[in-house]
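Subject: Handing over a structure

Dear colleague,

I am passing this structure on to you, and below it you will find my notes on what came out of it. Please read them with the model open beside you.

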Amino acid sequence: MMPQKLSAIWHAHLGELADDVHQQYVNNVGNITLIRHNQGLGNRSFQEKRALYLGRSGLQVTQNYVVDQEVWDDQAIQRRQIYLVKLLVKHALLLPGRFQYSSNWNQVGSRSSQFDSRQVLNRLIGEAIQFISQPTITARVVGDSKVLFEGKEWNLSPLTRELKLRDGTNTRSGAYQGALYWSWDDTRLIDLE
């Protein structure tokens, strides 16, 4: 959708950070689409391209997360990337569930019935997680026990306590099991396998 070379229209569309957004996302899978007449689309505006995709793209996967967007920016590209990766993992690659989000972190010993936040967070490094009571609040997982929030690294429980204090809903004890209050992909962290 976003062209290889930005026109003045695309610079205006993407705003003052257009060059940075372009460099980071032009070759992202979320920006790449399949359509027969792609060369003819060139540097046309997103609105023009979207109108053409409605009529010319026979593939539903090409239309999903494209024609329903009002603007085409880094957030739209990220949403489409997530959609396409999930589609591939669930339907094309046919990976067993235990491998879909795993990494090279290996826990020694038999599986415990006790929740291990390190194991869950390790699989989510680089992902954004949402604070369940206020989904607009997100943190980026940066390690098996750390998340990045407002430029600072936190463990989940202290961050949860801080957010509960901020909105005045903290408990008397101030103790929280952070994984109960955060989600990824609409699933509480404590419920992830």
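A contact, as the word is used here, means heavy atoms within 4.5 Å. Leaving aside neighbours within four places in sequence, Ile129 is in contact with a list of residues that includes Leu124, Ile137, Val141, Val147, Leu156, Trp182 and Leu189.

This is a predicted model, in which local features need pLDDT of at least 70 and side-chain atom pairs count only at pLDDT 80 or more, while totals for chains, interfaces and linings use all residues. Residues are numbered from 1 along each chain as its sequence is written, and side-chain values use heavy atoms, with hydrogens and water left out.

The protein has nine helices and six strands, these being DSSP runs numbered from the N terminus (helices H or I, at least four residues; strands E, at least two). Of its 193 residues, 33% are buried, where buried means under 20% relative accessible area, exposed over 50% and partly exposed in between, with a 1.4 Å probe and protein chains only.

Ile129 also belongs to the largest nonpolar core, which has 19 residues, and is listed there with Leu124, Val147, Leu159, Trp182 and Leu189 as having the most contacts inside it; such a core is a set of buried Ala, Val, Leu, Ile, Met, Phe, Trp, Tyr and Cys residues joined through side-chain atoms within 4.5 Å. At least two residues of this core come from each of helix 8 (117-123), strand 1, strand 2, strand 3 (147-149), helix 9 and strand 5 (182-184). A second, separate core of 17 residues includes Met2, Phe46, Trp72 and Ala76.

Ala76 is also one of the buried residues of helix 6, along with Ile77, Arg80, Tyr83, Leu84 and Val89. The largest share of the lining of the largest pocket, nine residues, is given by helix 6. A pocket is an open set of points on a 1 Å grid over the protein atoms alone, where a 1.4 Å probe fits, with protein on both sides within 12 Å along at least five of seven lines, and lining residues have an atom within 4 Å of a point.

Finally, Asn155 lies in the loop between strand 4 (152-154) and helix 9 (156-167), and is partly exposed, with a relative accessible area of 33%. Beyond its neighbours within four places in sequence, Asn155 is in contact with Ser145 and Lys146.

With best wishes
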